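Hi there,

My notes come after it.

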Amino acid sequence: MSKDHSPDQFLPENEGGQSHSDARRTFLKQSSILTALALTPTAAIKAAELKFEEKVAAVFEKVNITLDINGKKQKLAVEPRTTLLDLLREQLNLTGTKKGCDYGQCGACTVHVDGQRVLSCLTLAAMADGKDITTIEGLANGDKLHPMQEAFIKHDGFQCGYCTPGQIMSAVACIREGHADSDEEIREYMSGNLCRCGAYPNIVNAIKEVKNGGHKV
Amino acid sequence: MRQQPCNPSHFMKEYFFQDNMGKPMDRVDGRLKVTGSAKYSAEFELPNMSHGVLVGSTITKGRIKSIDTKAAERAPGVLAVLHYQNSPKVPGYVQAAHPTEPKPIGQPHRVFYDEQVYFNDQPIAIVVADTLERARYAARLVKAQYEEEKHATSFPKHQGKAFLPTAAQRNPKHGLNDYVRGKADAYKGENLKIESEYVIPSEMHNPMELQSIIAHWEAPDRLTVYDKTQAVIGSQNAFAREWKIPVENVKVIATFVGGAFGNGLHTWPHETAAIIAAKKVNRPVKLMLTREQMFTMVGYRPFAWQKVGMSATPDGKITAITHEAIGQTSSYEEFTESTLQQTRMMYTSPNVTTRYRILPLDVSTPIWMRGPGEATGAFALESAMDEMAHVLKMDPLEFRLKNHTDRDPERDRPWSTKFLKEAMLMGAEKIGWNKRQLQPGSLRNGDWLVGYGMGVGTFGAHRNRASAKATMFADGRVVIQSATTDIGPGTGTVMVQIAADALGISPDKIIFELGSSLFPPAPSQGGSATVASVGSAVRDACIALKKKLASLTTGNADSGFRNVKYEDLTFQNGQISLTSSPGTKLSYTDVLKQQKLPEIEVTEESRPSNEERQKYSMYSFSVHFAEVQVHQLTGQVKVTKVVTCADAGKIVNKKTAGNQMIGGAVGGIGMALTEGAVIDDRFGRYVTKDFAEYHIPVHADTPDIDVVFVDKPDFINNAMGTKGIGEIAIIGVAPAITNAIFNATGKRINELPVTPDKLI
């Protein structure tokens, strides 16, 4: 666009001429076509019809990773630019992790990576290779809810429910980190998780109850 | 359709011998929400899904000269790049009426209709690809050239061009016309008076869930959308009109809505863009706005300028109020709201003048945001009340009590119910109002100045036509359906409570289903009217179900109830019994089993009795008290305590209703202290376009908040005695805080938000 003020205009792919990534793509396309030509003509035509070269290029551009998600090991091929959030939501149908801003400003996408709370929108999926991911879907023990989930229901720590998975993942980590010793401390260490419905006091009460209940979180 | 008579003893029997209404029941959908199983609009899985990303205009006004989509079209995975030149035509565009009530003059923005640009970041193209990443990348490759025109986005600069809304110009009886009670502008001739101007910036709803839609043409004339909307029926009608297909061919699903606060009360360009794209690529298209686009495409609380003049007698009787307001709108739709309503009816003043104007700018159209208009107006009125009390050297609570009115002075009618005075006294007690000093700056805590303030709010107690279907199964389960939504207040939960009491069965036997246009029609979830409207329909459906059970029983020779009248039966604990002889009883499930019926069902429509309602003025009332501390050196404001009180009829669920009140108070803290959307007028573009720049309150901004309910039923509004609370929860909160800041510091800041720079 003629007046694009977005920071992405500074990325090499948006500069004039062929960028690095385009060059790589062209190379991959060409080499796959060469491979196709080595096959029988029918196969080559068929391959072209199916956008074979596109598919080959797509495969080469992906990164193979292994993630342990909610206790299940998964081997995945992801584009390097795919965020952990989009991987969870768009490819694995784990939609409990929410997208609220994509800039790490709202906390709705909070998950645990190796036990630490992490903003999955600011985490490339490829960066999580080999790590253990826990999402809201993996917090309960089968049908038995995690004490924090129970406490959120009891104290009505939500209204619309959209920020809730992030609040709960953050709340569990907040206690684990030892940052839930007073109302003020909870408020401070939970301030990265926004709730537009404004259920904050109820969330604080839920966290206090879990903390004071001596539950293992 | 049936009308329930307004006979309190009847309601006593129906309701208050049961015990679910009023209980702080946990939310019925709580488990789904805490486990991540609740499905919001972008979270449905459909085969062959594709992803749409919008490209926005980079100018504010003008026309698109050319649009280059070649690079985007060549990008991997791209299925289509659509814009005004190649978009499938939307057959309903030309005649398009406004999709939901009310009807502003003009018409909603027609996406991809022509080359005109009306506001910055207006969607000019949509890129559809097989993955989100590919669509997002390709959207960056679309280039447009513009012929730019001079734009107007600065409200203060163009304020002089404001005018009376066209609807009022056309109809002298329209409520937006100037209002005069007694003598116009009578305050001007008085001795004891104040006159002040107030400014609130545009505020963004910013629900946590980004506006999202999945559009799916199941056949060329059959559309299904999973949509973030507060009105599944409203959206269904809008899309049917837009595409000129039968209403029944459009299905709108909004099972869960991740907050909305009003921005789901209108259909927006991105929705039509996704539907256009789905038509073109013949696949489902998922479109989720970015947070930046939430500032430019889905409405906001409009920038407003106000002026209040007020006069009073030395002993504190208001003699005159004049309240003027100008609200911002877009160049293509006249958006209006009831900014001045509270001033007309809240206090006893014999002379009241109100004047409302709108100012079209080159911006997108606003839409009601929580406490629409009234929250804006209450900021000015309740600030002025505080200023007047200060001039009179009077306690602001005493001043309000002195001007309290037991009859609506605007329409000269009795209130249906009003317990605002009680609410004021309860709240004052709870905040410790007696600690407040008349002289500002008198209280301190170290470096912090301490102050107390209050603000009153009101909103019409509305009720609309709604319907519900209730099905009782032979195993005793009851499923109730209505095409309402639950944007967070706990609609599903309170409907279950209402149904449990109306039917005399346990809430855990009842499932309430909402958020689908396939269910019986219900109005949009707006204007704090859902419990009164949909609750009445649910209650009527449950009563009809009981009557059906009764007719099955009393017509049956073996039942022991033969020829007994409905009125002589008691329905409790899942059993029908003879009121005169409780030992004669039969369970609901046995009724169905005896008749070999797998289920019975009823559908009921419930309407308010307008004739009865015309005799009264019906409002919910609220009063909010705030304690603040202001740092003397830095100007930092800490709200240290809020007490928020509602006179809103019978409270069905104190847990969810209390949460709503808390949420309103938090919203009011944002309005008072942190929120303001700022346009750089050189470019017409928002500089506050994410949560780093536009500050909604966070945990650390939120103090202890005490909620007080008067909890007295209003049976004139409906048979359950309820009134709305969603709006009054925020109306009057911002002035409570700014008045407390004045009490702490002696500084009166009438331009929101009150950021520290304004206090040092």
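This is a predicted model: local features need pLDDT of at least 70, side-chain atom pairs count only at pLDDT 80 or more; totals for chains, interfaces and linings use all residues.

Residues are numbered from 1 along each chain as its sequence is written, with chains lettered from A in the order in which they are written.

Please look at helix 5 of chain A, residues 147-154 (helices are DSSP runs of H or I, at least four residues, numbered from the N terminus). Of its 8 residues, 6 are buried (20 or more other C-beta atoms within 10 Å of the residue's own, with C-beta atoms placed from the backbone). Among them are Met148(A) and Phe152(A). The buried residues pack against helix 6 and helix 8 of chain A, and also against helix 2 of chain B. After helix 5 of chain A comes Asp156(A), with a positive phi near 55°.

Next, the contact between the chains: 56 residues of chain A and 57 residues of chain B take part (C-beta atoms within 7 Å). Helix 5 of chain A gives the largest share of chain A's side, 4 residues.

Finally, the largest nonpolar core has 287 residues (buried Ala, Val, Leu, Ile, Met, Phe, Trp, Tyr and Cys joined through C-beta atoms within 7 Å). Helix 15 of chain B provides its largest share, 12 residues. Val127(B) is one of the residues touching the most other members.

Enjoy exploring!

Methods. A residue is buried if 20 or more other C-beta atoms lie within 10 Å of its own, exposed if 12 or fewer, and partly exposed in between; C-beta atoms are placed from the backbone. Helices (H or I, at least four residues) and strands (E, at least two) are DSSP runs, numbered from the N terminus. Two residues are in contact if their C-beta atoms, placed from the backbone, lie within 7 Å.
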